[in-house]
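Here is a short tour of one model for you to follow on screen. Have the viewer ready, and we will go through it topic by topic.

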Amino acid sequence: GEGISGKVKVDAPSGPAYPGGYSFAFQSWFNGIGASGFFLGKPKKESVASPTGPDFWISKMRANMSTLIREALPGRNGGVAAALIVGDRSGIDEGTAEALRRSGLAHILAISGLHMALVAATVISGLRLALAAFPAVVLAYPVRKWASAGALVAATFYLILSSANVSTQRAYIMVGIMLIAVVLDR
């Protein structure tokens, strides 16, 4: 948790020294390491401000939700569930990741159209069902529009919670267009 500063030399991990040899770059990529390096001189100790702001709170919420999911579903199931729900793939062991890659199912872990549509459909269905308990409200007000607006809010929250990857952004735009069209009677 301490901060340091100084002049550094950073490069991508090196490839194999000879054909077919051990590849540091290959191993590092799978370990989530994008570069390695060293200090050119003695590093200096720096004070680090405590993180604040929306990005910090969103990543903290994502981490807390991921932890709760993994506690409720220990082992492989929890890691996969956390990846599917909040986009945190850190709990997936290498064996499971390799099995998903080999079977061609690794793309399911990317939060995209299926996930966004499920969130929107669940919120729409839940809101309409809850409002159906009040016949006077259903008969007098545009409950379908309200449910669609609520689903748009939920989809926006899910976009932010899931770290807004490109596939999630694309799915959000499509779901958002559809929900706004429902609200505008299109």
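Leaving aside its neighbours within four places in sequence, which residues is His115 in contact with? They are Leu84, Ile108, Ala110 and Tyr158, where contact means heavy atoms within 4.5 Å. Please keep in mind that this is a predicted model, in which local features need pLDDT of at least 70 and side-chain atom pairs count only at pLDDT 80 or more, while totals for chains, interfaces and linings use all residues. Residues are numbered from 1 along each chain as its sequence is written, and side-chain values use heavy atoms, with hydrogens and water left out.

**His115 and its helix**

- His115 sits in helix H5, residues 113-131; helices (H or I, at least four residues) are DSSP runs numbered from the N terminus.
- With a relative accessible area of 9%, His115 is buried; buried means under 20%, exposed over 50% and partly exposed in between, with a 1.4 Å probe and protein chains only.
- The side chain of His115 reaches the backbone oxygen of Ile108 at 3.4 Å.
- The 19 residues of H5 should span 27 Å at 1.5 Å a residue, and this agrees with its end C-alpha atoms, which are 27 Å apart; the expected span is 1.5 Å times one less than the number of residues.

- Buried in H5 are His115, Met116, Ala120, Ile124 and Leu131.
- Why do the buried residues of H5 line one face of the helix? Seen down the axis, they fall within an arc of 160 degrees, so they line one face; the arc is that of the directions from the helix axis to the C-beta atoms.
- As background, an α-helix has 3.6 residues a turn, so residues three or four places apart point the same way.
- Leu114, Thr122 and Leu129 are exposed on the other side of H5.
- The cover over the buried residues of H5 includes helix H3 (76-86), helix H6 (135-140), helix H7 (143-161) and helix H8 (166-183).

**Nonpolar cores**

- The largest nonpolar core has twelve residues, among them Ile111, Met116, Ala120, Ile124, Tyr158 and Leu159; such a core is a set of buried Ala, Val, Leu, Ile, Met, Phe, Trp, Tyr and Cys residues joined through side-chain atoms within 4.5 Å.
- H5, H7 and H8 are the elements that give two or more residues to this core, and the largest share, five residues, comes from H7.
- Not counting residues up to four places away in sequence, Leu159 touches Met116, Ala164, Thr168, Gln169 and Tyr172.
- A second, separate core of five residues includes Ala83, Ile92, Ala97 and Leu100.

**Aromatic pairs**

- Rings of Phe, Tyr and Trp (its six-membered ring) pair if their centres lie within 6.5 Å; planes under 30 degrees apart count as stacked, over 60 as edge-to-face and the rest as tilted.
- By this rule there are five aromatic pairs.
- The rings of Phe56 and Trp57 have their centres 5.1 Å apart and their planes at 70 degrees, so this pair is edge-to-face.
- Phe56 is partly exposed at 26% relative accessible area, and Trp57 is partly exposed at 49%.
- Tyr141 and Trp146 form a stacked pair, 5.4 Å centre to centre with 25 degrees between the planes.
- Tyr141 is partly exposed at 48% relative accessibility, and Trp146 is partly exposed at 42%.
- Phe26, Trp29 and Phe30 are linked into a cluster by ring pairs.

Technical notes
Polar contact = N/O pair within 3.5 Å; in protein donor to acceptor, adjacent residues only side chain to side chain.
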